Amino acid sequence: MTRIVVKVGTHVLSEQNHLSKERMFNLVEFLVALMKKYEVILVSSAAIAAGYTKLKIDKSILGNRQALAAVGQPYLVETYNKKLAKFSKMGAQVLITAEDFDSRKRTKNAQNVVNTLIQNAILPIINENDATATEEIVFGDNDQLSAHVAHYFCADMLVILSDIDGYYDSDPRINPDAKLKSIVHEIPSESLLIPMSPGTSFATGGIVTKLKAADFLLRHNNSMFMASGFDLRDAYAFLLHDSHEGGTLFTPKKEL
């Protein structure tokens, strides 16, 4: 692999209505380590959560959520850059919407920007343009966005770091005997219909959005790895030490 997309969710990046500075630092340290081996693109949630740390307004109202995103996105990127600076690295904000992938010209422009940033050792930090993309706030999620980023920006793999540490044969929160699936080649169609269950009031996803992201990539002959964003040991082992100790690898059969 030469290029990977790392997606991190709101639940990992925030706690008790604040950004988790410790987990963000751990994430940045991990990303910097990855940048020594790969070309890395980050898809980061938590703009709305970041905005709420600055502006306490009712986040159940759509217009307020858009305002929170507008306030929070620059603060989120600023926080990333403060931590990246400790490693002599820099990040750059790239805001896109689903429409950007419907236009060849706009997709090409986005590709050019991301490629130029990577060539200059700058970490692209991608998020949806939540301040204007109304449908994305209501129905969208960054799992789907990151899968499209991985596909259209020619990444070899999408890595999702989440509060969900892998894909189980049943819900581990309900069934203590649930077993982790280490390798998955196909997503059952019924699994894509599970109701969404986001981890926080700021999040829009759940396991089903991750399965949809994996399904999209599998159908495009690409791979995805899902592991915990709270404990990065499995991600370190898989991506930097070629050891599959935990997490789930979604990969087409013919790649084996």
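How do the axes of helix 7 (residues 142-152) and helix 8 (residues 207-219) cross, and within what distance do they come? In this predicted model, the two axes come within 8 Å and cross at roughly 20 degrees. Helix 7 is therefore roughly parallel to helix 8.

**Helix 7 against helix 8**

- The crossing of helix 7 with helix 8 is right-handed.
- On the side of helix 7, the contact is formed by D143, Q144, A147, H148, A150 and H151, which meet T209, K210, K212, A213, F216 and L217 of helix 8.
- Sorted by class, this contact comprises 5 nonpolar, 4 polar and 3 charged residues.
- An α-helix has 3.6 residues a turn, so residues three or four places apart point the same way.

**Surroundings of helix 7**

- N142, D143, L145, S146, A147, V149 and A150 are the buried residues of helix 7.
- These buried residues pack against helix 8 and against strand 1 (3-8), strand 4 (39-44), strand 5 (90-96), strand 6 (122-128) and strand 7 (157-162).
- Just after helix 7, C154 adopts a positive phi of about 60 degrees.

- Beyond its neighbours within four places in sequence, L217 contacts A147, A150, H151, L158, N222, S223 and M224.
- L217 and L76 lie 141 residues apart in sequence, with a C-alpha to C-alpha separation of 28 Å.
- K210 is also located in helix 8, and the residue counts as buried because its relative accessibility is 5%, against a cut-off of under 20%.
- Leaving aside neighbours within four places in sequence, K210 is in contact with D143, I160, S162, I164, M224 and M226.
- The C-alpha atoms of K210 and A147 are 9.1 Å apart, although 63 residues separate the two along the chain.

**Helix 2 against helix 4**

- Helix 2 (residues 21-35) packs on helix 4 (residues 62-85) at an angle of about 60 degrees, with the axes 9 Å apart.
- The two helices are therefore oblique to each other.
- Their crossing is right-handed.
- Helix 2 contributes K21, M24, F25, L27, V28 and V32 to the contact, and helix 4 contributes Y75, L76, T79, Y80, K83 and L84.
- The contact of helix 2 with helix 4 contains 9 nonpolar, 1 polar and 2 charged residues.

**Helix 2 against helix 9**

- Helix 2 and helix 9 (residues 233-240) pack at about 5 degrees, and their axes are 11 Å apart.
- At this angle, helix 2 is roughly parallel to helix 9.
- E29, F30, A33 and L34 of helix 2 meet A235, Y236, L239 and L240 of helix 9.
- By class, the residues of this contact are 7 nonpolar, no polar and 1 charged.

**Nonpolar cores**

- In soluble globular proteins, nonpolar side chains tend to be buried together.
- The largest nonpolar core has 36 residues, of which V6, L34, V40 and Y80 touch the most other members.
- Helix 2 supplies the largest share of this core, namely 8 residues.
- A second, separate core has 35 residues, including V114, I118, L145 and Y167.
- Apart from neighbours within four places in sequence, V40 contacts I4, V6, L31, L34, M35, I118, L123 and P124.

**Positive phi in loops**

- Most residues other than glycine have a negative phi, and most peptide bonds are trans.
- A121, which is not a glycine, has a positive phi of about 60 degrees.
- A121 sits in the loop between helix 5 (104-119) and strand 6, and its relative accessible area of 39% makes the residue partly exposed.
- N221, likewise a residue other than glycine, has a positive phi near 60 degrees.
- N221 is placed in the loop between helix 8 and strand 11 (223-228), and with a relative accessible area of 37% the residue is partly exposed.

Definitions and conventions
Residues numbered from 1 in each chain as written. Predicted model: local features only at pLDDT ≥ 70, side-chain atom pairs only at ≥ 80, totals over all residues. Heavy atoms only, no water. Axes fitted to C-alpha atoms, helices over the stretch in contact; angles between N-to-C directions. Helix = DSSP H or I, 4+ residues; strand = E, 2+ residues; numbered from the N terminus. Parallel < 35°, antiparallel > 145°, perpendicular 65-115°, else oblique. Left-handed = near helix turned anticlockwise from the far one by under 90°. Contact = heavy atoms within 4.5 Å. Nonpolar A, V, L, I, M, F, W, Y, C, P; charged D, E, K, R; others polar. Core = buried A, V, L, I, M, F, W, Y, C linked by side-chain atoms within 4.5 Å. Buried < 20%, exposed > 50% of the residue type's maximum accessible area, 1.4 Å probe, protein only.
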